[in-house]
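Have the viewer open as you read.

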Amino acid sequence: MKVGNCMTRNVQIANPEQSIGEIAQMMGRLDAGAMPVGDNDRLIGMITDRDIAIRGVASGKGPDTKVRDVMSSEVKYCFEDEDVEHVLENMGDLRVRRLPVLNRDKRLVGIISLGDLATNGEAAEAGEALSGISKPGGEHSQTAH
């Protein structure tokens, strides 16, 4: 199965000039913990509720802070024509639960989550990826370094 067959296509995109307060409200309405940041349909970053909490609020930044000031600009992504099994393996290795999906022109066309994959017949592979994601450590771990 290809990623394009099971991804979410109608993705809300944050603008780098929007405020983190506005994005936090949008995340609440969407029940989403992460949003791609785009300049038109070009992916330039990701912003998560954790970015807002740690890089924003915990660093003393207010709700008017721009998305570009707290977003992650190094973004992992996959392509819509990739095989799901390969993408799931990468998600486990990268310890991420969702990835933006690009077409081969590197335009944002959707987002794929473990939930999308689990409900589209890839439950066993999604479980394996989740076990890799859930291992202690990683970029945002609370374990001592």
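## Charged pairs

Let's start with Asp81, which counts as partly exposed at 37% relative accessibility. Keep in mind that this is a predicted model. Asp81 pairs up with Arg104 in a salt bridge, where the closest N and O atoms sit 3.0 Å apart. Arg104 is in the loop between β4 and β5, while Asp81 is in the loop between β3 and α3, so the bridge ties together parts 23 residues apart in sequence. Arg104 itself counts as exposed, with 52% relative accessibility.

The total comes to five salt bridges. Another of them joins Arg68 and Glu17, with 2.8 Å between the closest N and O atoms. That one also links distant parts of the chain: Arg68 belongs to the loop between α2 (49-56) and β3 (78-79), Glu17 to the segment before α1 (20-30), and 51 residues separate them. Both partners are partly exposed, Arg68 at 42% relative accessibility and Glu17 at 41%. Then there's Glu74 with Lys76, whose side chains meet at 3.4 Å, N to O. Here Glu74 is exposed at 66% relative accessibility, whereas Lys76 is partly exposed at 40%.

## Overall layout

Stepping back, the chain is built from five helices and five strands. Read from the N terminus, the order is α-β-β-α-β-α-β-β-α-α. There are 145 residues in the chain, and 40% of them count as buried.

How much of the contact count comes from residues 24 or more positions apart? Among contacts with a separation of 6 or more, such pairs make up 58%. As for the surface, the accessible area of the chain is about 8,200 Å², with 45% of that belonging to carbon and sulfur atoms.

## Nonpolar cores

The largest nonpolar core holds 13 residues, and the ones with the most contacts inside it are Val3, Cys78, Val87, Ile112 and Leu117. The top contributor is α3, with four residues.

Val3 is worth a click. Leaving aside residues up to four places away in sequence, Val3 touches Cys78, Phe79, Glu80, Glu82, Val84, Val87, Val101 and Ile112. There is also a second, separate core of twelve residues, and its members include Ile23, Met26, Met27 and Met35.

## Cysteines without a bond

How many disulfides does a search of the whole structure find? The answer is zero. Take Cys6: the closest cysteine sulfur is the one in Cys78, and at 9.1 Å that is too far for a bond. The cut-off for a disulfide is 2.5 Å between the two sulfur atoms. Both residues are buried, Cys6 with a relative accessible area of 4% and Cys78 with 2%.

## A buried asparagine in a loop

Back to the loop between β4 (98-102) and β5 (108-113), which is also where Asn103 is placed. Is Asn103 buried or exposed? Asn103 is buried, at 16% relative accessible area, because the limit for that label is under 20%.

A polar atom of the Asn103 side chain lies 2.9 Å from the backbone nitrogen of Asp105. Not counting residues up to four places away in sequence, Asn103 touches Phe79, Glu80 and Val109.

Definitions and conventions. Residues numbered from 1 in each chain as written. Predicted model: local features only at pLDDT ≥ 70, side-chain atom pairs only at ≥ 80, totals over all residues. Heavy atoms only, no water. Buried < 20%, exposed > 50% of the residue type's maximum accessible area, 1.4 Å probe, protein only. Helix = DSSP H or I, 4+ residues; strand = E, 2+ residues; numbered from the N terminus. Contact = heavy atoms within 4.5 Å. Areas by Shrake-Rupley, 256 points an atom, 1.4 Å probe, with all protein chains shown as cover. Polar contact = N/O pair within 3.5 Å; in protein donor to acceptor, adjacent residues only side chain to side chain. Core = buried A, V, L, I, M, F, W, Y, C linked by side-chain atoms within 4.5 Å. Salt bridge = Lys/Arg side-chain N within 4 Å of Asp/Glu carboxyl O.
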